[in-house]
Amino acid sequence: MKQPFEQAVERHGGTVLRVCRAVLGPGPDADDAWSETFVAALRAWPELPADANAEAWLVRVARRKAIDVIRARARHALPAADLPERAAPGGDPGGEERTVWAAVAALPERQRLAIAYHYLGGLPHAETAALIGGSAAAVRRAAADGIRSLRRAYGAGEYTNGAPR
């Protein structure tokens, strides 16, 4: 039996947000992708088969919404001399957590996506490979290389206040 949509949001909302942040970085773009994911999911929820893996399905939807945001960025670049200060909303990581997200953002794209979908999104390597291309073994290697780079960079203190030293 398929769970009610509200329970799916409560149960998998954190996973979807982590995937959005891993692909887009912390901030309003990730929050927008999260919202768009659940708006799209709500529309499609009645047609979703009862035996479907809701978490994997939501991660796929989040991936597509994040790609939409990346494409929109490319089409609508707006240069600004100074950005206004803004208060950190409850969902925007700050301090130590921002440092980790900066280290993740600095990874090569393939490693970042492998980590996002496998470790943060909970998808098996085979499903991650289907999303980003390549074999499950190649995705496993990319994820392992990314984790090793994060351990090295974060453990060595290369990042402070969310930026490389």
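Helices are taken as DSSP runs of at least four residues, numbered from the N terminus. The structure described here is a predicted model. In this model, R112 is placed in helix α5, which spans residues 109-120.

The protein contains seven helices and two strands. Along the sequence, these elements follow the order α-α-α-α-α-α-α-β-β. Of its 165 residues, 39% are classed as buried. The accessible surface amounts to about 9,600 Å², and carbon and sulfur atoms contribute 54% of this area. Where contacts between residues at least 6 apart in sequence are considered, 65% of them connect residues at least 24 apart.

A polar atom of the R112 side chain does, however, lie 3.4 Å from the backbone oxygen of L107. When residues up to four places away in sequence are not counted, R112 touches L107 itself, together with A22, V23, V104 and A105.

Aromatic side chains were considered next. A pair of aromatic rings is described by the distance of the centres and the angle of the planes. Under the criterion applied, the protein has four aromatic pairs. One of them is formed by F5 and F38, whose ring centres are 6.3 Å apart and whose planes meet at 70°, so the arrangement is edge-to-face.

A tilted aromatic pair is formed by W45 and W57, with a centre-to-centre distance of 6.0 Å and an angle of 50° between the planes. Here, too, distant parts of the chain are linked: W45 lies in the loop between α2 and α3, W57 lies in helix α3 (54-75), and the two residues are 12 apart. W45 and W57 are both buried.

The residues of these two pairs belong to one aromatic cluster, which comprises F5, W34, F38, W45 and W57.

Conventions. Residues numbered from 1 in each chain as written. Predicted model: local features only at pLDDT ≥ 70, side-chain atom pairs only at ≥ 80, totals over all residues. Heavy atoms only, no water. Buried < 20%, exposed > 50% of the residue type's maximum accessible area, 1.4 Å probe, protein only. Contact = heavy atoms within 4.5 Å. Areas by Shrake-Rupley, 256 points an atom, 1.4 Å probe, with all protein chains shown as cover. Polar contact = N/O pair within 3.5 Å; in protein donor to acceptor, adjacent residues only side chain to side chain. Phe/Tyr/Trp six-rings, centres within 6.5 Å; stacked < 30°, edge-to-face > 60°.
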